[in-house]
Amino acid sequence: MVKDSFISVITQEEKEENSGSVEFQVFHFTSKIRRLTSHLELHKRDFLSQRGLRRILGKRQRLLTYLSKKNKVRYKKLMDQLDIREPKTR
């Protein structure tokens with residue numbers, strides 16, 4: 001498993017100042033998601049990690065929905081920085 005495969009978009013100072021901001025939380029969940037995805041490519045039958053991945057995906061999706069309703073500009077900027085796809089609308 002590669003630990004540092006995701007390059008930080010948020011600087012160290014921003015991490016210390018805004019660790020509770022929506023952008024930081026989404027960044028943190030995204031790095032966890034990418035780490036778990038690479039783990040699951042090696043260990044396909046690790047069902048507990050799959051469950052954890054689904055939970056983190058749901059949390060990140062709720063935060064992104066909240067951000068998209070509150071501030072579209074910050075939402076678009078974050079989506080571009082982290083290279084995340086737009087969710088499908090029903």
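## A residue after H4

Asp-83 sits in the segment that follows H4. Its phi is positive, about 60 degrees, although Asp-83 is not a glycine. Is Asp-83 buried or exposed? Its relative accessibility is 66%, so Asp-83 counts as exposed.

## Model and confidence

This is a predicted model. The mean pLDDT of the protein is 87. A pLDDT of 70 or more is reached by 82% of the residues. Over residues 1-5 the pLDDT is below 50. That stretch has 5 contacts in the model beyond near neighbours in sequence.

Helix H1, residues 12-17, has the lowest mean pLDDT, at 63. Helix H3, residues 47-70, has the highest, at 96.

## Overall build

The protein has 4 helices and 0 strands. From the N terminus the order is α-α-α-α. Of the 90 residues, 29% are buried. The protein exposes about 7200 Å². Carbon and sulfur atoms supply 51% of that area.

How much of the contact set links residues 24 or more positions apart? Among contacts with a separation of 6 or more, such pairs account for 50%.

## H2 against H3

Helix H2 spans residues 22-42. The axes of H2 and H3 come within 9 Å. They cross at roughly 155 degrees. The angle is over 145 degrees, which means that H2 is roughly antiparallel to H3. The crossing is left-handed.

Which residues meet here? On the H2 side they include Val-22, Val-26, Phe-29, Ile-33, Leu-36 and Leu-40.

## H2 against H4

Helix H4 covers residues 72-82. H2 and H4 pack at about 25 degrees, with their axes 11 Å apart. The angle is under 35 degrees, so H2 is roughly parallel to H4. H2 passes H4 in a right-handed crossing.

From H2, the contact draws on Glu-23, Val-26, Phe-27, Thr-30 and Arg-34. From H4 come Arg-74, Leu-78 and Leu-82.

## H3 against H4

What is the angle between H3 and H4? They pack at about 135 degrees, with their axes 6 Å apart. H3 and H4 are therefore oblique to each other.

In H3, the residues in contact are Leu-64, Leu-67, Ser-68 and Lys-70. In H4, they are Lys-72, Arg-74, Tyr-75, Leu-78 and Met-79. Some of these residues also take part in other pairings.

Note on methods:
Residues numbered from 1 in each chain as written. Predicted model: local features only at pLDDT ≥ 70, side-chain atom pairs only at ≥ 80, totals over all residues. Heavy atoms only, no water. pLDDT = per-residue confidence, 0-100. Helix = DSSP H or I, 4+ residues; strand = E, 2+ residues; numbered from the N terminus. Contact = heavy atoms within 4.5 Å. Buried < 20%, exposed > 50% of the residue type's maximum accessible area, 1.4 Å probe, protein only. Areas by Shrake-Rupley, 256 points an atom, 1.4 Å probe, with all protein chains shown as cover. Axes fitted to C-alpha atoms, helices over the stretch in contact; angles between N-to-C directions. Parallel < 35°, antiparallel > 145°, perpendicular 65-115°, else oblique. Left-handed = near helix turned anticlockwise from the far one by under 90°.
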